[in-house]
Amino acid sequence: MKLLNEIQQATIDGRAPEVAQLTQQALDEVMSLDDIINEGFISAMSIIGEKFKNNEIFVPEMLIAARAMKAGLKVLEPLMLAGERKYLGKIIIGTVKGDLHDIGKNLLGMMLQGGGYEVIDLGVDVTPDKFLAAVKEHQPQVVGLSALLTTTMPFMKETVKVLGESGLRDQIKILVGGAPISQRFADEIGADGYAADAGSAVELVKAVLS
Ligand code: B12
């Protein structure tokens, strides 16, 4: 528990090398990936988010904390990706237009890969047309849209609309997620599913594909 608190604090402080080292130590002590991610990193990011909202910290500090979290995730990556290679399905993921947040989307990608799915990551600031082009090219079963800003949520709606008009809609399931997203919003925009975190997203993908 103490170690997870240390990971959380070092992430908040943006001490990337120390986060990497503490994460390795947590793995050596056989702590679960879920505990490290949830109690170490995600809890740190919600504290950072609160501090930012209250003007106690600003974008540079948020960025430095995000880098520290990435350094920790890098240590976990080989374990998260260690799944079987025979894919259960193909999934395209991306952060929608105007939005540069990618930590949650990356985590989602790693968990899905670990869960046995082939993941094609389109990156951040992905326009609806780019999602459509990728669907045509890769023919996935699932498309996962991520948004962290309330101002970019309309582009999620736009992406669902563009995919809807393409004639390919019945061949794909569209899932949405990100801190400001809810099941209600997913229903409103005509998405096929919503999950609050990357772990539940893997379950959701299993469910929509079954
Ligand atoms: C780190 C961070 C940044 C970093 C991002 C670095 C990076 N490479 O991602 C930087 C500094 C760049 C940044 C910039 C900005 N940010 Co910022 N940021 C954050 C912060 C602190 C953490 C986000 C994060 O990584 N969380 C951890 C991850 C693991 O969680 P997650 O993304 O929610 O993902 C999980 C789930 O949601 C889910 N999930 C995510 N995507 C998907 C997709 C699918 C399909 C599914 C099923 C599930 C799923 O699974 C994930 C894993 O469990 C949040 C606060 C917060 N608590 O969210 C603010 C926050 C999102 N940012 C905010 C703001 C305002 C900004 C800026 C506008 C600030 C500015 N003035 O410039 C810019 C916008 C830049 C842009 N155009 O995108 C606000 C948004 C407010 C709002 N209502 O829209 C927040 C909420 C802070 C706050 N409290 O005010 N930010």
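Reader: Hi there! In which helix is E39 found?
Author: This is a predicted model, in which local features need pLDDT of at least 70 and side-chain atom pairs count only at pLDDT 80 or more, while totals for chains, interfaces and linings use all residues. Residues are numbered from 1 along each chain as its sequence is written, and side-chain values use heavy atoms, with hydrogens and water left out. Helices (H or I, at least four residues) and strands (E, at least two) are DSSP runs numbered from the N terminus. E39 falls in the run of residues 33-53, helix α3.

Reader: What does E39 count as at 32% relative accessibility?
Author: Buried means under 20% relative accessible area and exposed means over 50%, with partly exposed in between (1.4 Å probe, protein chains only). At 32%, E39 therefore counts as partly exposed.

Reader: Which residues form the negative surface patch?
Author: Patches take residues with over 30% relative accessible area and no salt bridge, joining like charges within 9 Å and nonpolar side chains (Val, Leu, Ile, Met, Phe, Trp, Tyr) within 5 Å. Accessible areas come from the Shrake-Rupley method with a 1.4 Å probe, and for residues only the protein chains shown count as cover. Lys and Arg count as positive and Asp and Glu as negative, leaving out His and the chain ends, and a charge is placed at NZ of Lys, CZ of Arg, CG of Asp or CD of Glu. The negative patch is made of D34, D35, E39 and D197.

Reader: Let's turn to the sheet. What is the order of the five strands in the open sheet?
Author: Two strands pair if DSSP finds at least two bridges between them. In this open sheet the pairing is parallel, and the order is β2-β1-β3-β4-β5.

Reader: Which strands stand at the edges?
Author: An edge strand here has a single partner strand, so one side of it is left without a neighbour in the sheet. The strands in that position are β2 (118-121) and β5.

Reader: How many residues of strand β3 are buried?
Author: In a regular strand the side chains alternate between the two faces of the sheet. In β3 (residues 142-146), V142, G144 and S146 are buried on one side, and V143 and L145 are buried on the other. The strand is mostly covered, and its buried residues number five of five.

Reader: Over how many bridges do β3 and β4 pair?
Author: On one side, β3 pairs in the parallel sense with β1 (residues 90-95), where G144 is the bridge partner of I93 and S146 that of T95. With β4 (residues 173-177), G144 has L175 as its bridge partner. The pairing of β3 with β4 is also parallel, and its bridges number five.

Reader: How far apart are the C-alpha atoms of G177 and S146?
Author: G177 has its place in strand β4 and is buried, at a relative accessible area of 12%. G177 and S146 are 31 residues apart along the chain, and their C-alpha atoms are separated by 5.1 Å.

Reader: Now for charges. How many salt bridges does the structure hold?
Author: A salt bridge needs a side-chain nitrogen of Lys or Arg within 4 Å of a carboxyl oxygen of Asp or Glu. The number held by this structure is eleven.

Reader: What is the distance between the closest N and O atoms of E165 and K161?
Author: The two sit four residues apart in helix α7 (residues 153-165), which means that about one helical turn separates them. E165 is exposed at 58%, and K161 is partly exposed at 46%. The N and O atoms of this salt bridge come to 3.7 Å.

Reader: How many residues apart in sequence are the parts that R169 and D192 tie together?
Author: The side chains of R169 and D192 meet in a salt bridge of 2.9 Å, N to O. R169 lies in the loop between α7 and β4, and D192 in the loop between α8 (183-189) and β5 (193-194), so the parts tied together are separated in sequence by 23 residues.

Reader: Which residue forms a salt bridge with R184?
Author: R184 is exposed, with a relative accessible area of 65%. The N to O distance is 3.8 Å, and the partner is E188.
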